[in-house]
Amino acid sequence: MDELYDILAKENIFANEPMSKHTTFKTGGVADFLVIPQSKEEMIALLKLNVPKTIIGNGSNLLVKDGGIRGLVIKTTGLNHYQIQEEMMIAQSGVYLSKLAQEAKEHSLTGLEFACGIPGTLGGAVMMNASAYGGETANVVVETEYADFEGNVHRVTDHQFGYRRSRFTGSDAIILESKLQLAKGNYDEIDAKMQEFMKSRNAKQPIEKPSAGSTFKRPEGYFAGKLIEDAGLKGFKIGGAKVSEKHAGFIINDGGATSTDILALIQYVQDKVKNEFGVDLEPEIKIIGES
Ligand SMILES: Cc1cc2nc3c(=O)[nH]c(=O)nc-3n(C[C@H](O)[C@H](O)[C@H](O)COP(=O)(O)OP(=O)(O)OC[C@H]3O[C@@H](n4cnc5c(N)ncnc54)[C@H](O)[C@@H]3O)c2cc1C
C-alpha cells in the first residue's frame, strides 16, 4: 500500500497493528494497516483507495475477532477540530464526547451532560445514537456531513435516529462532522448533573476493567443485565472473559481474554437467557474482523 505514504505522514500509518491497542476491550487480532488521517482531505483521499476499508472511532463499542482485519482500518481520532458559535457546536467526528461535554460546560451550554462518561467519539455516537441518563445524541445533533466510499461528500439533517441506530447504521457512510444544537444553561447546574452521572457510573459500572460497555441491547420489556443476573450468570467466566459481578449487562476482559473467549461467552449468555426466559439477546457491540 505505497499510496498510503503519498497521503499521510508516516507516523500516522501503522502496518500489522494489533487492534487490541485500539479497542476498549483490549482484544482483537492484527489489522493489515491502521491509519489516522489528520484532516478531512486526508480522509477523503483514503476513501478513494481501492482497498477494503473499516472505520473506527475510539473502539469503545467494538469487538474485533482474533483473526484481525484485512485491508485498511481508518481511525477517526485525528479529525479532532471543533468550534462553538453561540449555542451551536460544530465538531469533527473524531472528537471525544467527554471533551465536547466538558467544552459545553465551560461555555455554560446544556444538552451534552449525558455524554460526559461515554468513552467514544462523536462519529461513533451519531452512528449508534449513543445515550445515557435520559439524554441522547438524537436530541442535540441537527446536521451531519458524511462521505461515501467513493469520497463524495453529503450533508443531511434527517438522521432517522432510533434505539442504537441512525440512517448511517449498516451503510457505507463515513461521518465527517456534525452540528450540535445546545442551549444556554447554568454552569453550576450543568456541572452538578455531570458529577452525578459520573458518580452513578463509577458506582454501577465496571469501568475499572476493559469492556465495550453494555454488551447487549435492551430487549423490549426487559433489562439485559437483570435477565443475565436472574439466569445466575453474574461472575461466569470463559477463559479471560467474564460477566461482570458489578453489572451483569457488561462482559469484561478480566485479564488475558481473547475475542474468541468473549464471543463464546456472548453465545453462552444468549443461549442460557433464551432457554430460561425465552428472550433473544442481541449484541449492542459491533463484531467485526476475521475469526
Ligand atoms: C465503560 C463504557 C461505558 C459506555 N457507556 C455507554 C453509554 O452510556 N451509552 C452508550 O450509548 N454507549 C456507551 N458505551 C459504548 C460506546 O462508548 C458508544 O457506543 C460510543 O458512541 C462508540 O463510539 P466509538 O467512537 O468508540 O465508536 P467505535 O466503537 O469505534 O465504533 C462503533 C461503530 O460506529 C462506527 N463508526 C465510528 N465512527 C464512525 C464515523 N466517523 N463514521 C462512520 N462510522 C463510524 C464503527 O464503524 C462501528 O460500527 C460505553 C462503552 C464503555 C467501554
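This is a predicted model: local features need pLDDT of at least 70, side-chain atom pairs count only at pLDDT 80 or more; totals for chains, interfaces and linings use all residues.
**Reading the ligand shell and the sheet**

Q: Which polar atoms of the protein lie by an oxygen atom of the ligand?

A: A polar contact is a pair of N or O atoms within 3.5 Å. A polar backbone atom of Asn58 is 2.9 Å from an oxygen atom of the ligand, a polar backbone atom of Asn61 is 2.8 Å from an oxygen atom of the ligand, and Arg164 places a polar side-chain atom 3.3 Å from an oxygen atom of the ligand. Of the 960 Å² of accessible area that the ligand has on its own, the protein covers 92%.

Q: What is the order of the strands in the open sheet, and why is one side of β6 and of β12 left without a neighbour?

A: The 5 strands are ordered β6-β7-β13-β11-β12, with antiparallel pairing. Because β6 and β12 stand at the edges, each has a single partner strand, and one side of each is therefore left without a neighbour in the sheet. From one strand to the next, the twist averages 15 degrees. Within the sheet, 6 bridges join β11 to β13, and Val141 stands opposite Leu180 in β13.

Q: Which strands does helix α2 lie across?

A: Helix α2, residues 40-47, lies across β7, β11, β12 and β13, and runs at about 145 degrees to β13.

Key:
Residues are numbered from 1 along each chain as its sequence is written. Side-chain values use heavy atoms; hydrogens and water are left out. Two strands pair if DSSP finds at least two bridges between them. Helices (H or I, at least four residues) and strands (E, at least two) are DSSP runs, numbered from the N terminus. Axes are lines fitted to C-alpha atoms, for helices over the stretch in contact, and angles run from 0 to 180 degrees between N-to-C directions. Contact means heavy atoms within 4.5 Å. A polar contact is a pair of N or O atoms within 3.5 Å; within protein, one must be able to donate a hydrogen and the other to accept it, and residues adjacent in sequence count only if both atoms are side-chain atoms. Accessible areas come from the Shrake-Rupley method with a 1.4 Å probe; for residues, only the protein chains shown count as cover.
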